[in-house]
There are 2 protein chains.
Amino acid sequence: MQVKYPALLQSGFAIYQQAGKHGKLCLIIYNLQARLPMTPETIKVACSNCNLRELCMPVGLNRDELQKLDDVVANRRKVAQGEPLYRNGDPFTSLYAIRTGFFKTSVSSEDGREQVTGFQMAGEIIGLDGITSDRHNCNAVALEDAEVCVMPFANIEHLSREFPVLQRHVHKIMSREIVRDQGVMLLLGNMRAEERLAAFLLNLVQRLHARGFSRSEMVLRMTRDEIGSYLGMKLETVSRTFSKFSEENIIEVKQRWVKILQPEALKKIFNPDSCN
Amino acid sequence: MQVKYPALLQSGFAIYQQAGKHGKLCLIIYNLQARLPMTPETIKVACSNCNLRELCMPVGLNRDELQKLDDVVANRRKVAQGEPLYRNGDPFTSLYAIRTGFFKTSVSSEDGREQVTGFQMAGEIIGLDGITSDRHNCNAVALEDAEVCVMPFANIEHLSREFPVLQRHVHKIMSREIVRDQGVMLLLGNMRAEERLAAFLLNLVQRLHARGFSRSEMVLRMTRDEIGSYLGMKLETVSRTFSKFSEENIIEVKQRWVKILQPEALKKIFNPDSCN
DNA sequence: CAGGATATTTGACCTGCATCAATGCACCTG
DNA sequence: CAGGTGCATTGATGCAGGTCAAATATCCTG
């Protein structure tokens, strides 16, 4: 068996050349991470060969477990920019793991005021809000063209009865969301505009960095209005606060593009005690 | 078999007189709800004969399931007023079902600002914040003498692998907390002081009413400061807003005692469209 | 590439709530 | 029951951020 395209190895895949039936040569794509050859099925939709796996799935699974885990994902779904993945009131059937793209989730009061409850990126799980009432309790809208893995919740519950490690993982994801939401409550209830925006920028760039992007530069996927809605302030205040940070040489801003020049200064604004 | 104390029936229990061993007469306490006679064990700590069961446990279980469910509760724990049930950073081992009393949960920023994230009463489950990191991520403090059922999370996970209905229930409870938190985010991000307080009072009295208390009167268990921390406003503003509602004859207030005179007016403040 | 729609920035002004301060009320304890 | 302590109320004043408005910048589409 001969390895073709050695340069591909660092991506986690290898392509072997092998004699197939009838003496023909054929290529086998081999997933190094999962230690599995890839069949048409695993190529179609498979966690076992997904490079985001560490972000949305439990770690430390063996081959068999990994292969079974592929069953939680029913299929993939593309969502165009501006389109909802689900809306408040939609029947709940599945959780979604974001493969590519960027989402916002929001709730709104009866009289139409919108509160953005979060921004989600690749590897994050959305849809947890729907479990209580079998209907979604918020809206999830793609801020750029996106693709998600559809994970029917019935599958998740079924498999997590079989795999304690998956069960624990699901619980952790939900608990993490609760803790995150309570952090936002702290932000909204106690912090001033500058502190909120500093926290927001630090959080965003940290999550992007964990996905292999720069730790200082980013292109925001959301409008000033959406940032403001998330942080409980008006879009003008968001813009002014950006400008203020910029004047102080803490960041550089040009519309949606933001570069953090002094991360320490941002941390100090967010938490004055952190630098002692 | 002869029913003694018929007046007791409406409480959900019956006491029968029966001939026991050696010809002696003995009394059997019978739980009508669970359709189980009560053994010394079930009297000690048992969900099957707990009148809060509908609040914290799944409904529609049969006898056997109910009896097994009793195993999730390891023991009970009393918490005196002002004492923490757990603190931020404590190792996470268990969820707690509140039997009696009243709690607040809070997170705080490094520089000491506190955000109350919720108030919890009988039948509600606390501790979910600890699952992500195996350490608690907030503080839970009793606002009055309280008693909780300690449910080791290992027991819960073990049993919910066996009982899909329990598994689903746990998921729903966590999802409900996520949805609740997002509602608070809406409150904090978009509402004005009067709207926040109106929403707070309506929510509180509704939950108390679901537990058999008045739908219009209540005694607040928390200080103005704690209400303010929860609602993202200063205690003076809380007090002023109470006074304003009182002047408008929407409520009657005397310190911690509150009577809602015009629930419709409160609903209208909270949501101006709700009365059309 | 014109022209319109949408997003962002900036300025001027205003208001809801915070802040500071004093007083009042309820409850506890010696 | 006097005096202390913690909590609640109320008043006076200030300011962070909201509101309104106008100018730019960017993007989309025919």
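Rings of Phe, Tyr and Trp (its six-membered ring) are taken to pair if their centres lie within 6.5 Å, and a pair whose planes are over 60 degrees apart counts as edge-to-face. In this predicted model, the count by that rule comes to twelve aromatic pairs over all chains.

One of these pairs joins Phe119(A) and Tyr230(A), whose ring centres are 5.3 Å apart and whose planes meet at 65°, so the pair is edge-to-face. Because Phe119(A) belongs to strand β8 (residues 114–121) of chain A while Tyr230(A) belongs to helix α7 (residues 224–231) of chain A, the contact ties together parts that are 111 residues apart in sequence. Phe119(A) counts as buried, with a relative accessibility of 5%, and Tyr230(A) also counts as buried, at 11%.

In chain B, Phe119(B) and Phe200(B) form an aromatic pair that is edge-to-face, with 6.0 Å from centre to centre and 65° between the planes. This pair, too, links distant parts of its chain, since Phe119(B) sits in strand β8 (residues 114–121) of chain B and Phe200(B) in helix α6 (residues 193–210) of chain B, 81 residues apart. Phe119(B) is buried at a relative accessible area of 5%, and Phe200(B) counts as buried at 4% relative accessibility.

Returning to chain A, which residues do ring pairs link into a cluster? The cluster consists of Phe102(A), Phe119(A), Phe200(A) and Tyr230(A), and two of these residues, Phe119(A) and Tyr230(A), make up the edge-to-face pair described above.

Note on methods: Residues numbered from 1 in each chain as written. Chains lettered and ligands numbered in written order. Predicted model: local features only at pLDDT ≥ 70, side-chain atom pairs only at ≥ 80, totals over all residues. Heavy atoms only, no water. Phe/Tyr/Trp six-rings, centres within 6.5 Å; stacked < 30°, edge-to-face > 60°. Helix = DSSP H or I, 4+ residues; strand = E, 2+ residues; numbered from the N terminus. Buried < 20%, exposed > 50% of the residue type's maximum accessible area, 1.4 Å probe, protein only.
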